[in-house]
Amino acid sequence: IKIIIINDGDFIKEDDLDKIGDNYSNKILGNGIGLTLSKSIIELHNGTIIYENNPSKGIKTIITLFRS
């Protein structure tokens, strides 16, 4: 299962994209606990979550979950 979410918010520096959802990035990026919990839950189910800057504007979030 692949879920793609695209928003039209601000870009995030390329160097910071890999930090989204890390415990240490919450205060730096201001993304709170929600993205950290989401990343943990997805990874517990052997899934992946990646973030990309959307060429037009905003961030593209790609969540991939595999069937058991």
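Contact here means heavy atoms within 4.5 Å. The model is predicted.

Q: What puts Ile3, Ile4, Ile5, Ile49, Ile50 and Tyr51 among the contacts of threonine 61?
A: Contact requires heavy atoms within 4.5 Å. Threonine 61 meets that condition with Ile3, Ile4, Ile5, Ile49, Ile50 and Tyr51, once its neighbours within four places in sequence are set aside. Threonine 61 itself sits in strand 3, residues 59-64.

Q: Why is threonine 61 called buried?
A: The relative accessible area of threonine 61 is 13%. Buried means under 20%. The value falls below that limit, so threonine 61 is buried.

Q: How many of the residues count as buried in the protein as a whole?
A: Of its 68 residues, 31% count as buried. The accessible surface comes to about 5,100 Å². Carbon and sulfur atoms hold 56% of that surface.

Q: Why is lysine 57 called partly exposed?
A: Lysine 57 has a relative accessible area of 43%. Buried needs under 20%, and exposed needs over 50%. The value lies in between, so lysine 57 is partly exposed.

Q: Where is lysine 57 found, and what does lysine 57 touch?
A: Lysine 57 belongs to the loop between strand 2 (48-53) and strand 3. Not counting residues up to four places away in sequence, lysine 57 touches Asn7, Asp8, Gly9 and Phe11. Asparagine 7 is 50 residues from lysine 57 along the chain, yet their C-alpha atoms are separated by 7.8 Å.

Q: What share of the contacts with a separation of 6 or more comes from residues 24 or more positions apart?
A: Such residues account for 48% of those contacts.

Q: Why is isoleucine 1 called exposed?
A: Its relative accessible area is 63%. Exposed means over 50%. The value passes that mark, so isoleucine 1 is exposed. Isoleucine 1 lies in the segment before strand 1 (2-6). Together with Ile3 and Ile5, Ile1 makes a nonpolar surface patch of about 280 Å².

Q: Why is glutamate 14 called exposed?
A: Glutamate 14 has a relative accessible area of 56%. The cut-off is over 50%, so glutamate 14 is exposed. Helix 1, residues 14-17, contains glutamate 14.

Q: What makes the patch of Glu14, Asp15, Asp18 and Glu52 negative?
A: Asp and Glu count as negative. The patch is formed by Glu14, Asp15, Asp18 and Glu52. Each of these is Asp or Glu, so the patch is negative.

Q: Which pattern does the protein follow along the sequence?
A: The pattern is β-α-α-α-β-β. The secondary structure comes to three helices and three strands.

Terms used: Residues are numbered from 1 along each chain as its sequence is written. This is a predicted model: local features need pLDDT of at least 70, side-chain atom pairs count only at pLDDT 80 or more; totals for chains, interfaces and linings use all residues. Side-chain values use heavy atoms; hydrogens and water are left out. Patches are made of residues with over 30% relative accessible area and no salt bridge: like charges are joined within 9 Å, nonpolar side chains (Val, Leu, Ile, Met, Phe, Trp, Tyr) within 5 Å. Accessible areas come from the Shrake-Rupley method with a 1.4 Å probe; for residues, only the protein chains shown count as cover. A salt bridge is a side-chain nitrogen of Lys or Arg within 4 Å of a carboxyl oxygen of Asp or Glu. The place of a charge is taken as NZ of Lys, CZ of Arg, CG of Asp or CD of Glu. Helices (H or I, at least four residues) and strands (E, at least two) are DSSP runs, numbered from the N terminus. Buried means under 20% relative accessible area, exposed over 50%, partly exposed in between (1.4 Å probe, protein chains only).
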